[in-house]
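Morning, everyone. Please have the sequence and the model open while I talk.

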Amino acid sequence: MARYRVQPHQTLSMHTRDGVRLDSDVYYPEDEGRFPVLLMRQPYGRAIASTVVYAHPTWYASQGYIVVIQDVRGRGSSEGAFQLFAHEADDGADAVAWAAGLPGSTGQVGMYGFSYQGMTQLYAATAAPPALKVLAPAMVGYDLYADWAYENGALLLQAGLGWAIQLAAEAARRQGDEIAFNRLYAASRDLPLNEAIAARPQVLSQLAADSFFYDWLDHPYPDDYWQALKPDLSRVDLPMLHVGGWFDPYLRGSLRLYQEMKARGTTPQHLWVGPWGHLPWSRQVGAVDFGPKAISPIDRLQIRWFDQFLKRKNTGLLKEDSISLFEMGTNQWRTFAAWPEGETQTYYLTSTGLAGMREDVGKLEAEFPLAPPEPDVVVHDPWRPVPSLGGHAGMPSGSFERSAIDGRSDVLTYTTEPFEATVAIAGIVQLDLRCRADASSFDVCAVLSEVRADGRVFNLTQGYQRVERPETERGQPLTLSLQPTCFAIPKGHALRLSLSAACFPAYAVNAGTGKPAGDSARMDCRIITLTVNPPRSAPSKLRLPLVGPPLP
């Protein structure tokens, strides 16, 4: 229940250390007194205020906070030139100091926001502004190379290109270029993925030649460019409330950040992961309704978090388990004192060599096979690559019925027998894959799904990896970690692992030439033959992290 009435918002300006004006909407409680400040810095026009996932700033102000929503440099109505993350450390520190000095402020500041707004918190923290006391970073690509732009060396094409076009459209709007804005808007609704180089469409090169996306394409491997972009938190010691989603493309970053900060053991770090994609945070994710408990609890949780550290209230949070994970299947929240790393159940991929033709011949078996499985051979044809459907990298994201994709001959499927009792899994699923390809560069996509008693198949988690090997290393095993997950499979249902060499357009198609996605012409893409469990190899295996009995 709201405690305070809220004044109409004020638009206030500050100037950075180099003289650039930044504009903010500021929301005050009507009551007299002093209040802590909640600051969000974002690049999409401050009136939006991340309301795609959070309550409006007026609700936060009604809980007894001064709320500041600021346009970052070069976005909204703020002055300056926008350069991806280039000014967020200094500007963020200046914004914290300015917000702390607002009339009616207690001088203590917390920050909240997701995605880019989550990253602005981390950059501000690197400068250690004294007034900054607590953070709530949600869905952040902490390591911009490994957690945002690329996944195991593979370019996240659909998400990255879509975001580049969105930011370019905002730049055109600021410049008053209606023609460019409308062309980019149309491209955002129908991504131009069918040009000579899918990652370099003409609409972007013509209208946003300075887009950050070209830097991403020109740096396909981790190097100094990416290292310079990663926030240096080595001297940061702040309590953080971390929020992620099982179908969010940046969950790897949220988990990486949580584990790094938790390892220091000096300030409270809590992690909540819901069944959500990047947005919205609701009960319906893809084609699956995860029930009323999947509706976001994050707004109220954040107020408890800020009350604890900005108002010094005893909210009880510090006595609770630090990790809360939504268990898909039972559709309830489970709590853990630490990231689950318990017992592992191993399943072996066996087949008669027809795993891409019939679903009952590719099996996941709990017992090590006495006889070696027959090799499964799948052919990737770049003319008709295996399409993406949901998951954490597809758009829209989430869980979808994928029987039609599993029925393709260029998808290998391995399925368990129906379980005799409910099985709960939480953590990171790993695939140890024995495979061989007739190209030095190829991709592997692994999707883990639930096969329901009625035969329908819904994806739960997946992983993707670009593999680059010289001739001498072909046929060597590779280990692929799937997206972190938490789910329960009920009695009578089964698990299925689906393997393919593409997942387009979520990921750029590997041309098989060794060239990165930004340099791979569509006409040069090769047909690639992939052999799983090649002769004289041990069977591939899937390792599932089991946890205690699922919630009733």
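Let's begin with a definition: two strands pair if DSSP finds at least two bridges between them. Strands are DSSP runs of E with at least two residues, helices are runs of H or I with at least four, and both are numbered from the N terminus.

Now the ground rules. This is a predicted model, where local features need pLDDT of at least 70, side-chain atom pairs count only at pLDDT 80 or more, and totals for chains, interfaces and linings use all residues. Residues are numbered from 1 along each chain as its sequence is written, and side-chain values use heavy atoms, with hydrogens and water left out.

First topic: strand S21, residues 441-451. Its partner S22, residues 457-468, runs antiparallel to it over 11 bridges. Find Val444: Gln465 in S22 stands opposite. Five residues lie between the strands of this hairpin, and Gly455 takes a positive phi near 95°. S21 also pairs with S25, residues 494-500, again in the antiparallel sense, over seven bridges. There, Leu448 has Leu497 of S25 as its bridge partner.

How many residues of S21 are buried? The count is 11 of 11. Buried means under 20% relative accessible area, exposed means over 50%, and partly exposed is in between, using a 1.4 Å probe and protein chains only. In a regular strand, side chains alternate between the two faces of the sheet. Both faces of S21 are covered. One side includes Cys445 and Val447; the other includes Phe442 and Leu448.

Next, helix H6, residues 178-189. The expected span is 1.5 Å times one less than the number of residues. Ala180, Leu184 and Ala187 are buried in H6. They fall within an arc of 60° seen down the axis, so they line one face of the helix. That arc is taken from the directions from the helix axis to the C-beta atoms. Turned away from the buried side are exposed Glu178, Ile179 and Arg189.

Last, the largest pocket. Which helix gives the most to the lining? H5 does, with seven residues. H6 supplies at least two.
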